[in-house]
Each structure stands twice: as C-alpha cells, then as structure tokens.
Amino acid sequence: MYNTQIEQYKKQSVESMTAGERLVLLYDTAIKNLKAGIIMLDNKDMENFLSCVQRSRNIFFHLETVLDPDITLSEDLAACYGFWRRQIGESIKTHEKEHIEVIIPQIESLRDGFEQASHTVARGG
C-alpha cells in the first residue's frame, strides 16, 4: 500500500512538470547513473556498473529519438547523444572509467543550459 502511494506521488510529480523540467530530470538521472557506474567499476561490481551505465545510455538513445528534425539544434544534440552513447559503449567494452569521466562535464554543462533556458521560459522571457 505504502509503495503504491509513493509510486503514485512520483508519477503525479513527473506529470506535473514542464517539458524543460522533465528534460533536466532525465539529464540528472543520466549523470547520477554514470557517477554511480564509475563507483561500481572502481569496486569491480561489473553487474551494477553495466546496469547503471546502460540506463544512461538508454536515456540518451531516447532523447535522440524524440528530437524534432525541423529544429536546427537537433542535429547538434543528436551528435552529442551519439557521442555519449559511444563513449559509454567503449567504457563497457574496455572497463575503463575514463570514457565516462570525459563526458560527465559535457553532460552537466548541457543540463545546466537546459535548466537555465527552462527557467527563462517559465518567467516569460
């Protein structure tokens, strides 16, 4: 019963977010999973490493599939998402965290830009 209420609350919270807020949440989740994946890799916990980084990879795949090709920025975003997925793939293949460490600052920077844009739009600017 309690878990059902928590899940309903989470669903309602996400449904009440703006598109910009949901995008920032996806970026936050991807970053969190990549950082957790690095910790798992350091601890030689390959099963959880794979689980964490694959979740991030899936987020970037999803984000790429929902891009609007009529928007000029979409081509650049698709290139970023593809690069990040390849870097995650290299990390999975080689078990080297450097491939992930390189992309986290890039992802954080883009996330911050989307958050700022979301706030600007929300204020009517």
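The following dialogue explains how to read several features of this predicted model.

Trainee: What should be known about the conventions before reading the model?

Mentor: Residues are numbered from 1 along each chain as its sequence is written, and side-chain values use heavy atoms, with hydrogens and water left out. Because the model is predicted, local features need pLDDT of at least 70 and side-chain atom pairs count only at pLDDT 80 or more, whereas totals for chains, interfaces and linings use all residues.

Trainee: How is confidence read, and where is it lowest and highest in the protein chain?

Mentor: pLDDT is the predictor's confidence in each residue, from 0 to 100. The protein chain averages a pLDDT of 90, and 85% of the residues score at least 70. Helix α1 (residues 2-15) has the lowest confidence, with a mean of 62, while α3 has the highest, at 98.

Trainee: How many helices and strands does the protein chain have?

Mentor: Helices (H or I, at least four residues) and strands (E, at least two) are DSSP runs, numbered from the N terminus. The protein chain has 5 helices and 0 strands, in the order α-α-α-α-α along the sequence.

Trainee: How is the length of a helix judged, and what span does α3 reach?

Mentor: The expected span is 1.5 Å times one less than the number of residues. Helix α3 (residues 46-65) has 20 residues and reaches 28 Å from its first C-alpha to its last, close to the 28 Å expected. For α4, with 22 residues, the reach is 32 Å, close to the expected 32 Å. In α2, 24 residues should span 34 Å, and the end C-alpha atoms are 35 Å apart, which agrees.

Trainee: Which residues of α3 are buried?

Mentor: Buried means under 20% relative accessible area, exposed over 50%, and partly exposed in between (1.4 Å probe, protein chains only). Of the 125 residues of the protein chain, 28% count as buried. In α3 the buried residues are Phe49, Cys52, Val53, Ser56, Ile59, Phe60 and Leu63. Seen down the axis of α3, they fall within an arc of 100° (taken from the directions from the helix axis to the C-beta atoms), so they line one face of the helix. Phenylalanine 61, also in α3, is partly exposed at 48% relative accessibility. Its C-alpha atom is separated by 7.5 Å from that of arginine 85, 24 residues apart along the chain.

Trainee: How is the packing of two helices described, and at what angle do α2 and α3 pack?

Mentor: Two packed helices are described by the angle between their axes and the distance between the axes. Axes are lines fitted to C-alpha atoms, for helices over the stretch in contact, and angles run from 0 to 180 degrees between N-to-C directions. α2 and α3 pack at about 155°, with their axes 8 Å apart. That makes α2 roughly antiparallel to α3; angles under 35 degrees count as roughly parallel, over 145 as roughly antiparallel, 65 to 115 as roughly perpendicular and the rest as oblique. Buried residues of α2 include Leu23, Tyr27 and Leu34.

Trainee: What is the phi of lysine 44, and what is that of histidine 95?

Mentor: Most residues other than glycine have a negative phi. Lysine 44, in the loop between α2 (19-42) and α3, has a positive phi of about 60° although it is not a glycine. Lysine 44 is exposed, with a relative accessible area of 69%. Histidine 95, in the loop between α4 (73-94) and α5 (98-122), likewise has a positive phi, near 60°. Histidine 95 is partly exposed, at 44%.
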